[in-house]
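Visitor: I would like to learn how to read this model. Where do we start?

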Amino acid sequence: MILPIYGYGEPVLRKVGEDITPEYPNLKETITNMYDTMYHAHGVGLAAPQVGLPIRLFIVDTEPFSDSDDVSKEEAALMKEFKKTFINAKIIKEEGDIWGFNEGCLSIPDVREDVFRHDTITIEYFDEDFNKKTEVYDGLIARVIQHEYDHIEGILFTDHLSMLKKKLIGKKLQNIMDGKARPDYKMKYVNKKGR
């Protein structure tokens with residue numbers, strides 16, 4: 001089932017997500033619905049707060065990035081196959097070079113800005129079957145994970161921008177809150193009922 005994506009300004013996007021247990025109600029269905037929603041909106045990641053759930057759950061599928069001219073053949077091959085569910089994730093280390101990449105977010109349609117992040121992360125998480133994992137990722141995969149991880153920490157990519165950049169996109173952010181954004185997917189806006 002395709003869920004509405006919560007837009008910039010919705011309070012749930014600012015909550016630090018809570019850990020969940022395998023007994024979380026309808027967990028498999030929630031994960032399936034999140035994948036349906038992400039694919040419908042042509043995203044590469046989606047976090048539970050973006051569909052109104054203040055829990056530590058996010059999904060990633062980097063396959064759309066595998067066609068990019070900016071990545072090596074090796075990285076493209078990895079991204080083509082990279083699809084994972086992260087539950088109760090904790091980034092335990094960020095290291096390597098800090099580099100910029102033009103990021104966007106399904107909760108902040110029509111806004112894209114360069115965000116600087118570490119190249120390599122070590123992350124602990126549970127998969128959808130609650131198997132515990134500790135893994136190291138780098139490059140674009142690490143970046144997508146960091147972006148989604150921020151969501152379960154109540155952080156948006158716009159929080160990484162300078163005061164000047166935030167000022168420049170202020171009108172666009174207000175338009176999203178007022179329900180004036182018109183992406184080709186269903187959204188829930190803080191200042192507007194419906195849609």
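Guide: With pairing. Two strands count as paired if DSSP finds at least two bridges between them. Keep in mind that this is a predicted model.

Visitor: How many bridges join β5 to β6?

Guide: Seven bridges join them, and the two strands run antiparallel. Within this region, Thr-120 stands opposite Asp-138 in β6.

Visitor: What holds strands together in general?

Guide: Strands of a sheet pair through backbone hydrogen bonds, either parallel or antiparallel.

Visitor: What is the strand order of the open sheet here?

Guide: The five strands follow the order β2-β3-β4-β5-β6, with antiparallel pairing. At the edges stand β2 (45-47) and β6 (132-138). Each has a single partner strand, so one side of each is left without a neighbour in the sheet. Neighbouring strands are turned by 45° against each other on average, direction ignored.

Visitor: Now a helix. Which residues of α5 are buried?

Guide: Buried means under 20% relative accessible area. In α5 (residues 170-177), Leu-173, Ile-176 and Met-177 are buried. Seen down the helix axis, the buried residues of α5 fall within an arc of 100°, so they line one face of the helix.

Visitor: What do the buried residues of α5 pack against?

Guide: They pack against β5 (108-126). After α5 comes Gly-179, with a positive phi near 80°.

Visitor: Which residues other than glycine have a positive phi?

Guide: Take two cases. His-42 is not a glycine, yet its phi is positive, about 60°. Asn-88 is also a residue other than glycine, with a positive phi near 55°.

Visitor: Where is His-42 found, and is it buried or exposed?

Guide: His-42 is found in the loop between α1 (27-40) and β2. It is exposed, with a relative accessible area of 63%.

Visitor: And where is the place of Asn-88? Is Asn-88 buried or exposed?

Guide: Asn-88 is in strand β4. Its relative accessibility is 14%, so Asn-88 counts as buried.

Technical notes
Residues numbered from 1 in each chain as written. Predicted model: local features only at pLDDT ≥ 70, side-chain atom pairs only at ≥ 80, totals over all residues. Heavy atoms only, no water. Buried < 20%, exposed > 50% of the residue type's maximum accessible area, 1.4 Å probe, protein only. Helix = DSSP H or I, 4+ residues; strand = E, 2+ residues; numbered from the N terminus. Arc of directions from axis to C-beta. Contact = heavy atoms within 4.5 Å. Axes fitted to C-alpha atoms, helices over the stretch in contact; angles between N-to-C directions.
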